[in-house]
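Hello,

Here is the structure I promised to pass on.

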Amino acid sequence: MKKVLILGSTGSIGQNVLNVIKANKDKFKVVGLTSKSNIKLFKKQIEEFDVPYGCIASDETKDINIKSKKILFSENGLLEIIELTKPDILVNSLVGIKGLKPLLYAIDKNISVIALANKESIVVAGKLIQERLKNKNIRLMPIDSEHSAIYQCLKNENIKNIEKITITASGGPLFKSKIKNKTVEKIVAHPVWKMGKKISVDSATMVNKGFEYIEAHYLFNVPYEKIDILIHPQAIIHSFIKLIDGSVLACMFYPDMRIPISYALGCGKERILNLAKKIDLLTLNKTKFYKPDYKKFPLLKLLLDCAKENKNSYLVAFNAANEVLVEKFVNKEINFYTIHKVIKKIIHSHKPKQINSVEEIFEVDNKIRKKVQEELMAD
Ligand code: MG
């Protein structure tokens with residue numbers, strides 16, 4: 001029985017992880033769950049899976065009454081619960097930069113398998129994470145579907161033989177449709193994936209694909225020049241690897257996160273059963289590919305340019321601005337266009353530098369968050 005701790009269990013990924021575990025109760029024991037605000041679902045999960053430890057990662061004190069379970073509070077509880085549960089597998093499905101400290105803590109604590117859905121931590125601290133993982137026997141298993149696909153294709157390949165890694169993108173809700181009134185409801189209604197609000201907005205701007213480009217660079221240690229992006233609206237092929245001999249490897253499955261989650265829980269060694277629908281090859285008749293339109297998705301272009309710069313504070317700044325603006329858009333405080341306008345302004349006025357410590361990352365993050373507020377006030 002492997003002990004599993006899920007950070008962010010009430011989000012879309014967290015719920016899917018529990019769904020896979022439910023079908024494999026002989027293999028996994030859930031030892032801890034954390035949530036920020038969905039207390040009702042959190043309580044239900046704790047009871048259903050008989051989980052000994054929980055954490056409400058919020059500074060607001062919540063009235064929660066769960067008998068004979070230890071429930072922690074505050075964001076610090078996310079670290080404490082790692083220490084208390086000592087899991088074999090840690091699932092980090094937190095959203096945003098707040099996933100970074102728990103990730104680094106888990107690395108310091110030598111948690112043997114870290115299943116990572118929190119892409120923002122790689123975006124802001126890719127190099128630092130790589131350094132911390134050095135000389136450690138830790139398996140970092142990507143939960144992102146594209147990176148799970150790349151991981152599976154690369155498994156028996158020498159990195160020297162890769163000519164290109166192609167990350168596919170569904171194109172999001174704005175790829176073909178002419179949505180004029182870009183309301184939160186229309187933007188979060190993704191054509192193929194059912195996801196949380198933040199990542200749905202990131203898909204609509206295609207910032208998500210830019211994040212995944214950076215994620216691929218750090219997870220697989222491949223230079224940016226060898227990574228590209230292709231639009232594939234059906235989201236059946238999740239990535240391609242082109243090898244120097246002309247072979248192309250691809251990984252296919254219907255867009256259902258339970259498949260990459262199962263692969264991560266199996267640690268890349270064992271295949272875990274789940275209830276996801278199996279692929280019907282006849283559906284591939286309708287498979288199409290397009291080049292990304294950088295004019296239509298200027299934030300994707302801007303993010304890729306930031307990634308290729310040698311000064312990584314660009315990525316911290318981009319992520320901080322994006323987090324604040326997406327939250328405001330989801331809360332209906334700003335419109336969709338403002339996300340673009342303010343990020344552009346922030347990046348163009350940013351004085352980039354190379355940053356190498358957690359403290360510096362959070363310093364830049366805080367500064368940019370304040371600056372975004374100022375920009376919005378002045379608007
Ligand atoms: Mg993805």
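Below is what I found, starting with how to read the values.

This is a predicted model, in which local features need pLDDT of at least 70 and side-chain atom pairs count only at pLDDT 80 or more, while totals for chains, interfaces and linings use all residues. Residues are numbered from 1 along each chain as its sequence is written, and side-chain values use heavy atoms, with hydrogens and water left out.

Let me begin with the metal. The magnesium ion has Asp144 (OD), Glu146 (OE) and Glu212 (OE) as its protein donors, 2.0 to 2.2 Å away. (Donors are N, O and S atoms within 2.8 Å of the metal, or 3.2 Å for Na, K and Ca; water is not among the atoms, so sites may look incomplete.) Along the chain their spacing reads D-x1-E-x65-E. Asp144 is buried at 10% relative accessible area, and Glu146 is buried at 7%. Here buried means under 20% relative accessible area, exposed over 50%, and partly exposed in between (1.4 Å probe, protein chains only).

Next, two loop residues. Met206 has a positive phi near 70° and sits in the loop between H8 and H9; helices (H or I, at least four residues) and strands (E, at least two) are DSSP runs numbered from the N terminus. Met206 is buried, at 3%. Asn110 also has a positive phi, near 55°, but is partly exposed at 45%.

Finally, strands S10 (residues 237-243) and S11 (residues 248-252) pair antiparallel over five bridges; pairing requires at least two DSSP bridges between two strands. Lys242 has Val248 as its bridge partner in S11.

Best wishes
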